[in-house]
Amino acid sequence: MTLLAPAPIRQLSLGWDDEPRALAHHLDEWTTGSAVSAGIAELAVESLKGSHQVLGFLNPAKLGRNLGYATKPVQNARTYYARQIEGGWLASGHAPLEGGVLVPVTFKPDKPRLGSDGKQIKYERPVNSAPVPFFAPLDAAAYEAIAARADLTPPPFTSSWSAWCWLLEQSSVELLVDEGEKKSAAACSHGYLTIGLAGIWNGCPKPKDTNGQSFGAPALIAELQWLREIRPAGAPLTIAFDASDKARGRVAIRQARCRLGWLLLEHGHQVRIREMVQPAGADFIKGTDDLLVHGGADALAALPVVPFKQWIEASSKKAITDHLLQPFKTTSRKHQTIARHFKTSDLPSSDLVAVVGGMASNKTGAIAGLTNRLVSITHRRSLADNQGQRFGLAVKREGQMLHALEQSQADLRKLEHLIAEHDGFVVVVDSSYIGGSSELQPNQCAGAVLFIDEADAFLRHCLMASTHIAKHRTDALTNLAACVSAAQQVVLAGAHIDEITLLAFETMRGNGAKAHIIESTLQPAAGRDVVMHRKVEDLLQQMRNLASNRKPFIFHTGSKQDESKMAPVNLARLVRRYWPTAQILEMTAETIRDPNHPAMAAIENPQQLLAFDVVLASPVLETGFSIEDLHQHFAAVLGHTSGHTLPQAFVQSLGRLRSPVPRHIWCNHTGSRLGNGAPVTDQLERGKLDHAEALARLHLVDAGEAYGDAGRYLRWWSELAANQNWLAPHYRHAVAELLGREGYEVQRLDLIGSDTGTELADELTEARDETVAIETAAIAAAPAPDANQLELLEGRQRLTIAQRRQIERGRIARDFGIKAPTAKQVAASRNGSYGKALLHLLVVDTDARNQWQQQTLKSLSKSQRAYAPDTCREMAPATRATALQQMPWLIELIDLAGTGRTVIGANFEQHHEAAKAQSRNWREIFGFDPSSGTVRTFIAQMLAMLGFKLQRTSRREHAGERVWWHYEVIDELAVLDRQQVLTTIRETLQ
């Protein structure tokens with residue numbers, strides 16, 4: 001190749017200064033202190049001193065006009081920069097976007113000034129300028145050493161920038177990205193071509209608005225994008241950032257590597273990660289230059305370099321541990337810790353306060369002692385009622401105010417009277433938007449303390465819940481932000497408040513607010529035993545032992561539906577086999593809203609649970625409640641989760657009982673994922689936006705302009721979803737780590753073998769079948785409501801079991817056209833049959849799909865149209881049907897139902913491979929990952945969406961090198977008369 005001409009130099013003119021270009025102590029800091037070669041140090045470093053030199057780099061506008069006197073602004077600037085003006089070193093590097101010219105990059109004063117947080121600002125850059133990456137000037141020795149590492153013989157050295165360009169063009173030359181000028185210069189000195197970023201996040205920063213708030217997706221800086229023009233595709237690029245001895249530091253470094261790595265991967269680089277390994281017997285070594293000083297080039301060469309995706313998998317468990325131990329940043333926030341229970345006097349007067357502490361640390365008690373007017377907003381009706389009792393406040397619900405002592409009575413007071421009588425109230429966020437039935441106005445928060453308990457779960461509910469809030473989500477969030485901004489003080493509380501939660505509320509508070517964190521390190525669970533069992537059978541044996549010995553217990557289960565074996569109603573049947581006289585309370589979302597059920601009273605006053613022998617609770621008892629059991633009425637707490645409940649919520653549920661009795665739990669290895677399943681915020685956000693844009697092409701009107709913050713809400717959704725997806729493969733590990741953080745002594749029996757059988761699991765299956773048979777028969781026998789009665793029942797919040805059965809009976813008549821269903825038809829209807837039949841119709845009938853699409857579009861609120869996750873969820877059948885219509889092989893497959901003809905998986909391997917190649921998009925649209933199973937499971941999942949299943953026959957066949965089973969396609973909706981159901985749905989669309 002033709003080497004480039006030497007790059008011009010664009011440095012500060014210091015001709016009037018008789019001192020050396022670089023003072024000895026500055027050069028020594030680079031050469032002796034950071035192992036930079038003398039040749040590179042002399043090229044990169046110059047010393048600055050005095051206002052003209054220092055201000056000439058940092059703030060040229062404040063130099064003045066040299067008229068013999070200094071104006072007031074110039075005097076102020078000299079005072080502000082007084083410490084920097086005393087001197088320091090300036091590093092210059094190449095500017096690749098300017099033809100490789102050398103430009104000043106970073107100034108390090110000998111006497112750093114202090115920032116607003118009291119910490120030294122070690123490195124300075126020009127005011128209002130973006131950080132610039134450092135391309136160190138190379139000398140001939142460094143150029144040849146880098147080429148030699150790649151086994152290359154380079155052309156003769158002519159200039160530093162020519163050397164850079166030649167090296168970057170070589171596919172065998174490893175390029176590294178590190179942080180800081182000295183680290184990158186040191187690495188270049190020892191044969192590693194390295195770019196130095198001005199901090200770990202500055203390779204792909206997020207854009208910022210006029211207030212300095214970050215928003216939107218990060219992107220590679222222009223200099224890193226430029227690499228695509230000169231680097232061969234697939235050339236190695238290694239990210240090598242500092243190490244940290246602090247949990248939060250390790251979390252941040254890993255997140256920065258992940259963000260940068262994914263973007264570089266998309267640009268065609270072969271991304272790898274190099275992590276610091278601490279040498280035996282040495283003090284903690286932080287960065288590349290420290291390691292080179294300690295052990296030279298051999299120590300750097302000994303560090304492992306791992307492919308990016310392999311590193312992500314290998315480092316996840318340790319990173320999760322760090323994240324759970326320190327889930328938020330403290331560097332820019334006030335952070336105080338106490339080692340005791342919270343008291344009201346601990347709460348500062350700061351605008352935004354976060355009270356962080358484990359269960360039983362008296363967070364709510366501290367809030368109850370406030371004398372200011374209190375407005376509490378929560379995400380659960382039951383928690384609102386509980387807070388009304390605790391704080392002595394009225395609860396605003398369904399357009400009315402209920403006195404704290406009258407919440408369960410029919411006498412509902414008038415709104416205006418209660419506002420006059422009470423200093424504050426409690427509302428549920430779902431209907432708190434302006435015009436909602438529990439409207440919360442920003443002016444009602446002015447002068448008040450706005451309290452948000454379980455703030456992390458609250459934010460998640462606001463962004464993700466499919467409850468009533470889904471219809472008005474952006475309205476509720478926009479109003480919430482206005483209330484947070486208007487309140488005199490905002491107090492967040494929770495055991496698992498994380499960085500995402502703090503950032504969201506800081507943004508809503510506005511004006512650059514930073515949370516003042518008060519954290520209790522008290523571990524009320526210290527010394528309590530938790531046994532993690534390997535098999536569900538082991539957990540059921542513990543339950544049987546307790547029941548057989550008449551020892552009361554609480555069982556927390558993540559299952560809700562009667563059809564799930566672990567649902568409270570089925571566990572109750574199993575318990576009664578061993579303790580027939582037990583007083584059992586089932587607490588579910590339905591029973592706590594049943595005015596005839598004792599669970600409704602117990603959710604308002606948890607102490608009533610002590611009147612029962614066995615309490616079987618679904619996730620309604622996860623957060624916000626305390627059961628004081630001073631005399632240890634309950635002998636144990638049991639817990640089961642299949643991974644659909646967040647690990648934090650599951651751990652919290654185990655601590656609802658304030659008692660040191662042992663805990664026994666079983667939890668799944670993995671948890672559920674959201675969106676396209678990606679553990680990366682940007683990929684999730686892009687997936688949702690791509691999905692929404694595809695819907696827009698189906699004539700969905702975009703109402704996003706009505707909600708300027710809808711994009712911000714999507715970003716928060718993506719961050720929460722990415723965090724859940726990251727934890728999902730290590731769900732059990734996360735639960736164990738959280739239990740340890742709470743102080744539990746965790747016994748990991750799940751890590752050793754278990755020889756238990758399936759006796760109790762089989763009994764539980766029998767119990768489930770009994771429940772289904774009884775319940776379906778009861779629904780079939782329930783009086784059928786007419787259309788008006790059904791509409792009224794569906795609009796009610798509190799329903800008896802008889803009324804719930806009436807609703808199911810009415811829906812069967814409305815949706816399937818079956819006026820007198822049998823128990824089997826009821827059972828089929830409860831398995832999502834309507835959604836499956838609807839999807840089938842939309843696939844095979846284009847007119848029906850267009851009609852459904854138009855009707856659904858009209859029913860969407862502006863809020864739903866503005867928020868991509870809600871848009872995608874509501875329009876999912878249309879999206880799926882459009883995609884499935886392009887799969888003739890699937891249509892042919894369902895046509896085999898009832899014919900007796902069979903198929904083998906070999907015929908569908910190519911379709912499975914095509915799906916795996918688009919696994920992220922597949923999960924976004926269809927809700928499952930085709931790469932995680934076999935051809936058979938892939939076909940079964942596709943058929944299941946339409947209400948069909950595969951049934952294996954006894955016939956096998958050789959195809960290629962494998963033996964394949966033959967399968968029949970079975971219509972699971974046959975009992976409902978599929979064609980009649982399709983006809984009924986088609987008629988309702990007309």
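Colleague: Which strands does helix α23 lie across, and at what angle does the helix run to β26?

Modeller: First, this is a predicted model, where local features need pLDDT of at least 70, side-chain atom pairs count only at pLDDT 80 or more, and totals for chains, interfaces and linings use all residues. Residues are numbered from 1 along each chain as its sequence is written, and side-chain values use heavy atoms, with hydrogens and water left out. Helix α23 (residues 647-654) lies across β22, β26 and β28; helices (H or I, at least four residues) and strands (E, at least two) are DSSP runs numbered from the N terminus, and contact means heavy atoms within 4.5 Å. With axes fitted to C-alpha atoms, for helices over the stretch in contact, and angles from 0 to 180 degrees between N-to-C directions, the angle to β26 is about 165°.

Colleague: Which strands stand at the edges of the open sheet?

Modeller: Happy to say! The order is β23-β24-β22-β26-β28-β21-β29, with parallel pairing (at least two DSSP bridges between two strands). One side of each edge strand is left without a neighbour, because each has a single partner: these are β23 and β29.

Colleague: Which helices each supply at least two residues of the lining of the second largest cavity?

Modeller: On a 1 Å grid over the protein atoms alone, a cavity is a set of points where a 1.4 Å probe fits but cannot get out, and lining residues have an atom within 4 Å of a point. The lining includes H323, L324, L738 and R741. The helices are α12 (308-325) and α26.

Notes: On a 1 Å grid over the protein atoms alone, a cavity is a set of points where a 1.4 Å probe fits but cannot get out, and a pocket is an open set with protein on both sides within 12 Å along at least five of seven lines; lining residues have an atom within 4 Å of a point.
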